[in-house]
Amino acid sequence: PPSYREYAYITNGDSGTVTVLDVVNVRVDRELPVGQNPVAVTASPTRNEVYVVNSGVEPAQGSISVINAENNTVAATIPVDRQPVSIDLDADGKLAYVANSGSNTVSVLDLKARREIAQIGAGEEPVAARIAPDGKTLVVANRTGNSVSIIDPAGFIDPARRNPAQSVRAVFEGCPGASDIVILPDSSKAFVACAAGHQIMVIALANAKVHPGQPDRLESFLDVGRAPVQLALKPDGGELFASNSLSDSISEIYASTDEVAGATMIGD
């Protein structure tokens, strides 16, 4: 229909802007000024909003810019801690989880109220925080800590149980340069790329439906290529793919059996 609109949003770190592309008419719609050094962006699953992570410049705090996608304007700015680098939203689009790499914390944001409601201690230099689809587990990759933190969101969301200091359920060591994270659609497993090594860490997550009564546990280390820096999960959760930056390859992994099927050579 004539009123149909569709946009893509691209962060421009050095210019402190977001480019809005009109992908129906294939043109630049506008450039929006946001905060300093925008490095990540995601769209709400439930409302016409886009959230931009502004990493800032040390020692200043970072921020999240909220873009109203109805008219492509910046509707709000939410302060967070130092050097935020990633953002993830829960399935309802009500809460955001921001990894603050410069302060070793994760900020929890109430997106409707436009404010931070909790700040959780993580490991050294957290670079990714992913919430499980069922909302019961937050997985954090700590790059220079070479570790993965497993956090119980109820520890800082549920008023009856709110105690951020006791929200960390488990910490798994031995993942050098922990970076990207994917979580299966049934919230049963997390896969974490160990980017300073050559493996993917597999963690079985405590989950009443899939692992009743079991704690979080290390399930496996999968050998892939050197320096796996990014993971991509198929929508059905059956397979995931690892980008091995120093092996110039992509590894294919069967998620249910933790088997590496093989590798495909690509460019440098």
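Predicted model: local features only at pLDDT ≥ 70, side-chain atom pairs only at ≥ 80, totals over all residues.

**Stop 1: a few charged pairs**

Start by selecting Asp22 and Arg27. They form a salt bridge, and their closest N and O atoms are 3.5 Å apart. Is Asp22 buried or exposed? Asp22 is buried, because its relative accessible area is 6% and the cut-off for buried is under 20%. Arg27, at 43%, counts as partly exposed.

Next, pick Glu49 and Arg114. Here the closest N and O atoms of the salt bridge are 2.8 Å apart. Glu49 sits in strand S5, while Arg114 is in the loop between strand S10 (105-110) and strand S11 (115-121), so this pair ties together parts that are 65 residues apart in sequence. Glu49 is buried at 12% relative accessibility, and Arg114 is partly exposed at 27%.

Now go to Arg82 and Glu58, a salt bridge with its closest N and O atoms 3.2 Å apart. Arg82 belongs to strand S7 (residues 73-82) and Glu58 to the loop between S5 and S6, so the two link parts 24 residues apart in sequence. Arg82 is partly exposed, with a relative accessibility of 31%; Glu58 is partly exposed too, at 36%.

**Stop 2: a cis bond**

The peptide bond from Glu58 to Pro59 is cis, with omega near 5 degrees. You'll find Pro59 in the loop between strand S5 (49-54) and strand S6 (61-68).

**Stop 3: Val34 and its contacts**

Which loop holds Val34? Look between strand S3 (27-33) and strand S4 (38-43). Leave out its neighbours within four places in sequence, and Val34 is in contact with Gly16, Thr17, Val18, Val52, Asn54, Ser65 and Val74. Try the distance tool on Val34 and Val53: their C-alpha atoms are separated by 9.2 Å, although the two are 19 residues apart along the chain.

**Stop 4: the largest pocket**

Select Val85, Ser86, Val127, Ala128 and Arg130. Of the 13 residues that line the largest pocket, these lie nearest its centre. The elements giving two or more residues to that lining are S4, strand S8 (84-89), strand S12 (126-131) and strand S16 (178-183). The pocket's volume is about 230 Å³, and its lining divides into 7 nonpolar, 3 polar and 3 charged residues.

From here, hop to Ser179 in strand S16. Ser179 is buried, with a relative accessible area of 11%. Setting aside residues up to four places away in sequence, Ser179 touches Val127, Ala128, Ala141, Val192, Ala193, Ala195, Pro228 and Val229.

**Stop 5: two Asp residues with positive phi**

Select Asp248, in the loop between strand S21 (239-244) and strand S22 (249-254). Its phi is near 55 degrees, a positive value in a residue other than glycine. Asp248 counts as partly exposed, at 24% relative accessibility.

Then move on to Asp258, in the loop between S22 and strand S23 (259-265). Phi of Asp258 is near 55 degrees, again a positive value in a residue other than glycine. At 14% relative accessibility, Asp258 counts as buried.

Terms used: Residues numbered from 1 in each chain as written. Heavy atoms only, no water. Helix = DSSP H or I, 4+ residues; strand = E, 2+ residues; numbered from the N terminus. Contact = heavy atoms within 4.5 Å. 1 Å grid on protein atoms, 1.4 Å probe; cavity = no way out; pocket = protein on both sides within 12 Å on 5 of 7 lines; lining within 4 Å. Points joined across faces, edges and corners; volume = space filled by probe spheres on them. Nonpolar A, V, L, I, M, F, W, Y, C, P; charged D, E, K, R; others polar. Buried < 20%, exposed > 50% of the residue type's maximum accessible area, 1.4 Å probe, protein only. Salt bridge = Lys/Arg side-chain N within 4 Å of Asp/Glu carboxyl O.
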